[in-house]
Amino acid sequence: MYGTIRCATHVSNFLRSYKSISPIKLAVTASGTRLYANKGNAGKQSGTKKSSDNIARDTTIRPSTPPHVIAGTCKPIMSPPECGKPNVMKEVPQPECPWDGEPKQRKYGKHLAIGILLTALSLFAFYKYGMDTTKKEVEKKQEKRRKEKIPVKFPATSKEIPSKIRYLLIGGGTASFSAFRSIKSLDPKAKVLVISNESFYPYMRPPLSKEMWFNEGPHSKPLVFRQWNGTERSLFYEPEDFYVDCKRLRDEPNGGVSVARGWTVKKIDVFGRKAYLEDDHVIEYEKCLIATGSSPKNLPVFKEASQDIQERVSLFRDIFDYEELEEILQGGVKKIAIIGGGFLGSELACALARRGQNQGYKITQIFRESGNMGRVLPEYLSFWTTHKVQKEGVEVIPNSEVEDVSLDTNAVVLHLNSGEKVSAEHVIVAVGVEPNTQLAEPSELETDDEFGGYLVNAELMARSNLWIAGDCTCFYDTKLGRRRVEHHDHAVVSGRLAGENMTGAGKPYVHQSMFWSDLGPEVGYEAIGIVDSSLPTVGVFAKATDKDTPKSVVSETDEGNRAASEAKAKPVTPATSSPSPPQDGEDYGKGVIFYLRDDIVVGIVLWNVFNRMSVARQVLRDERKYDDLNEVAKLFNIHEEQP
Amino acid sequence: MSSCKQVGKDKIIFATKEDHEVPSSVQLPDAEPSPGLILSTGEINWNCPCLGGMATGPCGVQFRDAFSCFHYSEAEPKGSDCYDAFKTMQECMSKYPALYNKDNNDDDDDKDDPLEALANSSDSLNETEQKPIEHREAIASKGS
């Protein structure tokens, strides 16, 4: 903690010094930056309003926040506009810097009032916009079939892609981003080439099922999302100007990062240290990372369905899918069915149901398990969560599988194993992902039979000079054994570690990744370790008293996260929000759940309890049998009142 | 009073505030070290997420030179011997207005200085990771 304060002071002093002796002032007033500048201004003004207690808050967070680069890593040093950059596919105005805005205080009174006003205004705007576009969309719709998902290539020809590079990163997602940041930090003049099969520069996926749908108003700036504090930020980790053109990389004395987009590596000659692109262009490398991520699974019942049905069924993973779904929703649908009860299915169901209330569509969620997040949460909590998801307006159909599918004029009819039939104009299949290990066979790399994914050691190394990170990695966790993890933070953590090791660190996987999910205003949780509902669990919840209902606190907290623009942003009063708890005061509002394997804690869920991840890490590291987990739960301070 | 029940393999404890106010009998190992920008050795941690893309972007090398010069400067005032490094950094940054230029329509002073934003918000440099959850944590911790 001391370090963090010092860090801030140090940089401040550096800048003061820089300013005082700075020889020239930059006077770049390119008209092109003007648009961004205005956005930046907003961010910056709020930055200047920072109070000293913000420093305190930062240090409070610090212990629980592992030192990795993330999504959110705000780049306060750079001017706000740098944080987001339009992708080349769209001329998007550049959004401002993210989180460094206002002190993150819970000034609900003020924010709420503004939020409600904004909501009203934006709803009106949205309504008008919606009306206008709906008509056009409907006209277009008749002749238009769904666009094919073919990535655009940048550069267009592989001749412009370097044929020799020190660091080659295959895959352009979060793990790759995290790796190149690590590499450039440790090897400042490094030349890094990223080969991505998407058309976009690296971007973050979590907002695609969360914040992106909470944005109110017409999307004048696509691929930007509004954060809980009302400021906007781009999905893109770095703006386009951060990257070096592929053609120029070779001649850059200080190196840089280039991203060849829309290109696929088909094979690696590991011993010869060569990667082959789809058109046989060869890239010789010194160190290589595979971070190809994962792809959503589909169900056979849809894969085998007719073209007309497939037109109305989609998977959800990337920006393309997000934009397509947005278009479908704007096109005036009345009902969407979501298949799957895990993270993606449940998050999307909640997010879309909320928006559907304003836009006139309904969400039905169908899944195999008995409750939402049934493979993660213990059953009682899963049931409770389903109740909350229903409160968000989602029609939940648990214990069900789609056995057959047919078409009835404009709607897909889902025939469930219960005999029930559900019809919807569009179906989203969110039944998990599978690791992208297409390179394994041609490159003679080993994959794991049980978990899937490329097999690597504790240093994420598959072979000499070859590392693997992110979703597609089956790695050896020195504490918890062999694992494969499909979460954003794991991509960050493992990408970072791989990057360090590519520059010679030789470090094992020790720092645990975490994950988080939000389902409506009353359910938000973070978790770490092995969180699997088939394990025995011990949940310790705060018993509520009359004056302290966790739920009221929880809703406040979550509403804050969801930005004050939500119509329902007003903290729910305890009296109206109580969903008839099991007994007086016995509700799962706030708590901590321990997952045990051979009586040792291997996973922890922090249920509506925030800022305790460092304690959870300590408990996991302890690897010990506890006689009374209630004593351990005390360390999480779950009763803490939050004004 | 705290209560406890078992549902299949899952145990559920509802703990009262009073019960949890009694100090825990459990002692945990030390927290994982979380290195900031300056390591305990006094060296600069260039992989500190607090630097964002600063040390890794197109002017990363120039930034590192300037920052190192300042950090290790023994001149009085500190950093006053870093004129050249600062100048080089600034020249580089001027080539990337979209990355380093800030709002020119700012009401504040020093409007043309691309790094001004940092001076104003350097405390936020501490934030190691900033995903939505952290901000919620921030909200939650605010009250405590």
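What share of the contacts in chain A with a separation of 6 or more comes from residues 24 or more positions apart? The share is 71%. The notes below take this predicted model chain by chain and then turn to single sites.

1. **Chain A as a whole.** Chain A has 643 residues, and 62% of them are buried. Its secondary structure consists of 17 helices and 28 strands. Of the contacts in chain A with a separation of 6 or more, 71% join residues 24 or more positions apart.

2. **Chain B as a whole.** In chain B, 57% of the 144 residues are buried. The chain holds six helices and two strands, and in sequence order they run β-β-α-α-α-α-α-α. For chain B, residues 24 or more positions apart make up 28% of the contacts with a separation of 6 or more.

3. **Two helices of chain B.** Helix H2 (residues 60-72) of chain B packs against helix H3 (residues 83-94) of chain B at an angle of about 155°, and their axes are 8 Å apart. Because an angle over 145 degrees counts as roughly antiparallel, H2(B) is roughly antiparallel to H3(B). From H2(B), the contact uses B:Gln62, B:Phe63, B:Asp65, B:Ala66, B:Cys69 and B:Phe70, while H3(B) supplies B:Ala85, B:Phe86, B:Thr88, B:Met89 and B:Cys92. Sorted by class, the residues of this contact between H2(B) and H3(B) are eight nonpolar, two polar and one charged. The crossing of H2(B) past H3(B) is left-handed.

4. **The loop between those helices.** Where in chain B is B:Pro77 found? B:Pro77 belongs to the loop between H2 and H3 of chain B. The peptide bond leading from B:Glu76 to B:Pro77 is cis, with omega near -5°. Most peptide bonds are trans.

5. **A cis bond in chain A.** The peptide bond from A:Phe154 to A:Pro155 is cis, with omega near -5°. A:Pro155 sits in a loop of chain A, between helix H4 (108-143) and strand S1 (164-170).

6. **Two helices of chain A.** Helix H5 (residues 174-186) of chain A and helix H13 (residues 488-502) of chain A pack with their axes 7 Å apart, at an angle of about 35°. H5(A) and H13(A) form a right-handed crossing. H5(A) contributes A:Thr174, A:Ala175, A:Ser178, A:Ala179, A:Ser182, A:Ile183 and A:Leu186 to the contact, and H13(A) contributes A:His488, A:Ala491, A:Val492, A:Gly495, A:Arg496, A:Gly499, A:Glu500 and A:Met502. The classes in the contact of H5(A) with H13(A) are seven nonpolar, six polar and two charged residues.

7. Is A:Glu392 buried or exposed? A:Glu392 has a relative accessible area of 5%, so it is buried, the cut-off being under 20%. In chain A, A:Glu392 lies in the loop between helix H11 (379-391) and strand S13 (394-397). The side chains of A:Glu392 and A:Arg354 make a polar contact of 2.8 Å. Apart from neighbours within four places in sequence, A:Glu392 is in contact with A:Cys350, A:Ala353, A:Arg354, A:Gln357, A:Gly520 and A:Pro521.

8. **Positive phi at two residues.** Most residues other than glycine have a negative phi. A:Arg273, although not a glycine, has a positive phi of about 55°. A:Arg273 lies in the loop of chain A between strand S6 (265-269) and strand S7 (274-277), and it is partly exposed, with a relative accessible area of 33%. A:Asn608 is not a glycine either, and its phi is positive, about 55°. The loop that holds A:Asn608 runs between strand S28 (600-607) and helix H16 (613-622) of chain A. A:Asn608 is buried, at a relative accessible area of 2%.

9. **A partly exposed asparagine.** A:Asn417 is in the loop of chain A between strand S15 (411-416) and strand S16 (421-424). Its relative accessibility is 36%, so A:Asn417 counts as partly exposed. Which residues does A:Asn417 touch, not counting those up to four places away in sequence? They are A:Asn399, A:Ser400, A:Glu401 and A:Glu403. A:Glu379 is 38 residues from A:Asn417 along the chain, and their C-alpha atoms are separated by 22 Å.

Note on methods: Residues are numbered from 1 along each chain as its sequence is written. Chains are lettered from A and ligands numbered from 1 in the order in which they are written. This is a predicted model: local features need pLDDT of at least 70, side-chain atom pairs count only at pLDDT 80 or more; totals for chains, interfaces and linings use all residues. Side-chain values use heavy atoms; hydrogens and water are left out. Helices (H or I, at least four residues) and strands (E, at least two) are DSSP runs, numbered from the N terminus. Buried means under 20% relative accessible area, exposed over 50%, partly exposed in between (1.4 Å probe, protein chains only). A polar contact is a pair of N or O atoms within 3.5 Å; within protein, one must be able to donate a hydrogen and the other to accept it, and residues adjacent in sequence count only if both atoms are side-chain atoms. Contact means heavy atoms within 4.5 Å. Axes are lines fitted to C-alpha atoms, for helices over the stretch in contact, and angles run from 0 to 180 degrees between N-to-C directions. Angles under 35 degrees count as roughly parallel, over 145 as roughly antiparallel, 65 to 115 as roughly perpendicular and the rest as oblique. A crossing is left-handed if the near helix is turned anticlockwise from the far one by less than a right angle, and right-handed if clockwise. Ala, Val, Leu, Ile, Met, Phe, Trp, Tyr, Cys and Pro count as nonpolar, Asp, Glu, Lys and Arg as charged, and the others, Gly among them, as polar.
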